[in-house]
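This report describes how the parts of one protein chain are arranged around a ligand and against each other. Please look at the sequence and the structure before reading on.

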Amino acid sequence: MNIHELKDTAVRYVEEAGIYIKEEMKKSYHIDTKANKNDLVTDVDKNVELLFKEKIEHDFPEHRLMGEEGSFEDIKDLDGIVWILDPIDGTMNFVHMSTNFAVSVGIFENGKPLIGIILDVMNGELFVSLTGEGAYLNDKKLPLLEEKPLDEAIVSFNTGWVLKDEKLQHIVKQVRGTRSFGSAALELAYVAAGRLDAYISMNLAPWDVAGGYALLQEVGGIATNYEGNKLSFLDKDTLFAANPYIYREIDAQLK
Ligand code: 2AM
Ligand code: CA
Ligand code: CA
Ligand code: CA
């Protein structure tokens, strides 16, 4: 199978996941907690991951899956083709708001992003990228990110992080506005689409970032950890993703 067929198949899986999620929202689903009482997971998250697992095992037996809800445990390297999946990114939004959550997939080949797919399920926005061929929002090509000054930038982060970090407080005072959407995947997609100019988080897993990282590569965006180091996509890390001009402006102040 060539990469265009792989992309089309992966997009179909994601769209089928979106349809499944909307159907499950009409019923009652079970809500559980993970690491703490605010760390939510539902049966829908788990079932979406199982749908991907079954389809990938059937259609691509040589590919591997790294998913948030259990199918990450065997993945210790990124050799070959690995699907990095967040079945629902923004589960708290899913449970509390019934909107502003996404299905996120990054397909990596030997550690490098090949395909990125992020579906905003309720708003019907589908972000798709293929390495070397650009990134698209619902079939419209996203342009390369343009130069802009920091005082015209909109940056996104969880307000909890800002309370703890004086350098971030200083950034807040210089930018045009701040936002927080509660879905790392959507926030990265918005940076790729130029709706946000930077997104910073202090604790994200590979599945939060993989799809958005692939999208950003195609529009000239930059994504590293908070210290400016390369992301491994094997462990949790901080994240600093931005328009390249805004990245440099903020990075200079974080040092
Ligand atoms: P989730 O909804 O898939 O858990 C919320 O600010 C963002 O951070 C979401 O993308 C959310 O993903 C992610 N997130 C929530 N709890 C997290 C945790 N304990 N570790 C890493 N990422 C987390
Ligand atoms: Ca989670
Ligand atoms: Ca997530
Ligand atoms: Ca999730």
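In what follows, Ala, Val, Leu, Ile, Met, Phe, Trp, Tyr, Cys and Pro count as nonpolar, Asp, Glu, Lys and Arg as charged, and the others, Gly among them, as polar. The model is predicted.

By these classes, the shell around ligand 1 holds four nonpolar, six polar and five charged residues. In total, 15 residues surround ligand 1, and the closest are Asp89, Gly90, Thr91, Ala184 and Asn203. Strand S4 (81–89) and strand S12 (198–204) are the elements that give two or more residues to this shell. Each of domain 1 (3–141) and domain 2 (150–254) supplies at least three residues of the shell.

The two domains also meet directly: 30 residues of domain 1 are in contact with 24 residues of domain 2. On the side of domain 1 that touches domain 2, S6 gives the most, with six residues. The table divides this side of domain 1 by class.

| Class | Residues on the side of domain 1 that touches domain 2 |
|---|---|
| Nonpolar | 16 residues |
| Polar | 10 residues |

The C-alpha centres of the domains, domain 1 and domain 2, lie 21 Å apart.

The largest nonpolar core has 75 residues, of which Leu188, Val191, Ala192, Ala198 and Ala241 touch the most other members. Helix H6 (residues 184–192) gives the most to this core, with eight residues. Domain 1 (3–141) and domain 2 (150–254) both contribute residues, so the core lies between them. Leaving aside neighbours within four places in sequence, Ala192 is in contact with residues including Phe127, Ala135, Leu215 and Val219.

Notes: Residues numbered from 1 in each chain as written. Chains lettered and ligands numbered in written order. Predicted model: local features only at pLDDT ≥ 70, side-chain atom pairs only at ≥ 80, totals over all residues. Near = placed C-beta within 6 Å. Helix = DSSP H or I, 4+ residues; strand = E, 2+ residues; numbered from the N terminus. Domains from an automatic or database assignment. Core = buried A, V, L, I, M, F, W, Y, C linked by C-beta atoms within 7 Å. Buried ≥ 20, exposed ≤ 12 C-beta atoms within 10 Å, placed from the backbone. Contact = placed C-beta atoms within 7 Å.
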